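Take a walk through this protein with the model open beside you.

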Amino acid sequence: MGLLWGGSARARVFAAACALSAMAMGCGDDSGKGGSSAGGAAPEGGSGQGGQGGAPEGGGPEGGAGGGASTGTTFVLVHGAFAGAWSWDRVTPALEAGGATVVTVELPAHGADETPTEDATLAAEDAQLVPADLDAIPAAGFVPWLKDRVRRHPAFKHAYYHDFIRSEATPVDLRRYLVQESVVDGRFDDLLALLQLGTDGATKLEIAENYWDEMGNGDAAQVHTLMFSRAMTALAVTDVEMREEMSAEGLLSGNLAMLLCRYRETYPEAVGFLAVTEWLVPDRFSQVLAGWNRLGLDPAGIEYHDAHIAIDARHASGWFNNVVKPGADSPSFRSTRSRMPAGSDPARRSTPGPPAVAPASAVDWNMDSIRSVLVGSTY
Ligand SMILES: [Fe+2]
Ligand SMILES: [Fe+2]
């Protein structure tokens, strides 16, 4: 079983791969929690750890056990998502008996590695940042720059929506789609509630207005998460499907959203995450609506998506103007980032104190004043 990490920031593919026929020897996922399959690249020479796991040089391990065919071969075994180096406990002796050298990798926050999952997740995200990209962020006009970057991202007008969902998807496919969507859309109000802490002024009002929309503007039947659940009900998505059809990518997206909104130190990233989410919804949901209508499915079930084509166009505009722009104009945000990777200069990790004069933006003041209270909290 190998692990592939690939793709671009915020759209990272997180795919577990069964790359060795050793799986047939019972190595793998006794827990039944393994990820989806994908091919793996063969490591050169096999002496290093890390990198992309996959089929080892010199062929599979078929001849390894007892046959001596693996003598001199080094296998680097990388486990998949939700697993650990323990995955290989029954494989390693068999390979070694054939004369092979075996190196097993414990990925961060997996198995015996005690790195907190959130730290490992953020480190993996940081690793995808390209310094030159950060340097290219303009001093002014951040919002147009951001939109341009998003337009050039593979997720923008993706063929999954424009071709598949719109023209080809079956009801079963739409059920799978809703399962993936549930991890963000199904809890979007909670993300906003977390993000609002410590903001002020136009930013706080924008988040509050967005949140009130999520609450159906006081109409219990129009609470957005409830509207979303009606789509699930219309297609009779079951609890078993919620568990078994959820992809690792979907889980990553939902957990990353909650992580970023939860901590003040990741506030800038959460702002961007939600901005792009709101901005891409109208086009995405237009394709879902077209697919739903093509299949002649219950109109009551598409209410959430239909309504958000207009709602999120408004949300995106307000968010860019009142949440993203004040953040982008904030000196503390622009000091690079409010969060710095572990190992960076501690002086750069600390945040500026409250300004001696009126703050440049309400965000500056409040982020500083509540950071010590909220960072690391477990609410
Ligand atoms: Fe909503
Ligand atoms: Fe929205």
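Start at alanine 270. Leaving aside neighbours within four places in sequence, alanine 270 is in contact with Leu195, Leu260 and Cys261. Keep in mind that this is a predicted model.

Now widen the view to the largest nonpolar core. This core has 24 residues, and Ala270, Leu274 and Ala275 touch the most other members. Which elements give two or more residues to this core? They are helix 8, helix 12, helix 13 (267-294) and helix 14. Helix 13 supplies the largest share of this core, eight residues. There is also a second, separate core of 19 residues, which includes Ala169, Tyr177, Ile302 and Tyr304.

Step back to the whole chain. The protein has 17 helices and four strands. Of its 379 residues, 35% are buried. How do contacts reach along the sequence? Take those between residues at least 6 apart in sequence: 69% of them join residues at least 24 apart.

Helix 8 (residues 188-196) and helix 12 (residues 248-262) pack at an angle of about 25 degrees, and their axes are 8 Å apart. Angles under 35 degrees count as roughly parallel, so helix 8 is roughly parallel to helix 12. The crossing of helix 8 past helix 12 is left-handed. Helix 8 brings Leu191, Leu194 and Leu195 to the contact, while helix 12 brings Ala257, Met258, Cys261 and Arg262. By class, this contact of helix 8 with helix 12 has six nonpolar residues, no polar ones and one charged residue.

Compare another pair. Helix 9 (residues 201-214) and helix 14 (residues 303-328) have axes 8 Å apart and pack at an angle of about 160 degrees. Angles over 145 degrees count as roughly antiparallel, so helix 9 is roughly antiparallel to helix 14. The crossing of helix 9 and helix 14 is left-handed. On the helix 9 side, the contact is made by Ala202, Thr203, Glu206, Ile207, Glu209, Asn210 and Asp213. Facing them in helix 14 are Ile311, His315, Gly318, Trp319, Asn322, Val323 and Pro326.

Return to helix 13, where alanine 290 is placed. Is alanine 290 buried, exposed or partly exposed? Alanine 290 has 15 C-beta neighbours inside 10 Å, so it counts as partly exposed. Alanine 290 and serine 167 are 123 residues apart in sequence, and their C-alpha atoms are 8.0 Å apart in space.

Next, find strand 4, which holds threonine 104. Threonine 104 has 19 other C-beta atoms within 10 Å, so it is partly exposed. A residue needs 20 or more to be buried. Not counting residues up to four places away in sequence, threonine 104 touches Leu77, Ala85, Trp88 and Thr92. Glycine 84 is 20 residues from threonine 104 along the chain, with 9.3 Å between their C-alpha atoms.

Follow one of those contacts to alanine 85. Alanine 85 is in the loop between strand 3 (74-78) and helix 2 (92-97). With 19 other C-beta atoms within 10 Å, alanine 85 is partly exposed. Its contacts are His79, Thr104, Val105, Glu106 and Gly111, not counting residues up to four places away in sequence. Alanine 85 and glutamate 106 are 21 residues apart in sequence, yet their C-alpha atoms are 5.2 Å apart.

Finish with two loop alanines. Alanine 109 lies in the loop between strand 4 (101-105) and helix 3 (117-126). Its phi is near 70 degrees, a positive value in a residue other than glycine. Alanine 109 has 17 C-beta neighbours inside 10 Å and so counts as partly exposed. Alanine 236 sits in the loop between helix 10 (224-234) and helix 11 (239-244). Alanine 236 is not a glycine, but it has a positive phi of about 55 degrees. With 10 C-beta neighbours inside 10 Å, alanine 236 counts as exposed.

Terms used: Residues are numbered from 1 along each chain as its sequence is written. Chains are lettered from A and ligands numbered from 1 in the order in which they are written. This is a predicted model: local features need pLDDT of at least 70, side-chain atom pairs count only at pLDDT 80 or more; totals for chains, interfaces and linings use all residues. Axes are lines fitted to C-alpha atoms, for helices over the stretch in contact, and angles run from 0 to 180 degrees between N-to-C directions. Angles under 35 degrees count as roughly parallel, over 145 as roughly antiparallel, 65 to 115 as roughly perpendicular and the rest as oblique. A crossing is left-handed if the near helix is turned anticlockwise from the far one by less than a right angle, and right-handed if clockwise. Two residues are in contact if their C-beta atoms, placed from the backbone, lie within 7 Å. A residue is buried if 20 or more other C-beta atoms lie within 10 Å of its own, exposed if 12 or fewer, and partly exposed in between; C-beta atoms are placed from the backbone. Ala, Val, Leu, Ile, Met, Phe, Trp, Tyr, Cys and Pro count as nonpolar, Asp, Glu, Lys and Arg as charged, and the others, Gly among them, as polar. A nonpolar core is a set of buried Ala, Val, Leu, Ile, Met, Phe, Trp, Tyr and Cys residues joined through C-beta atoms within 7 Å.
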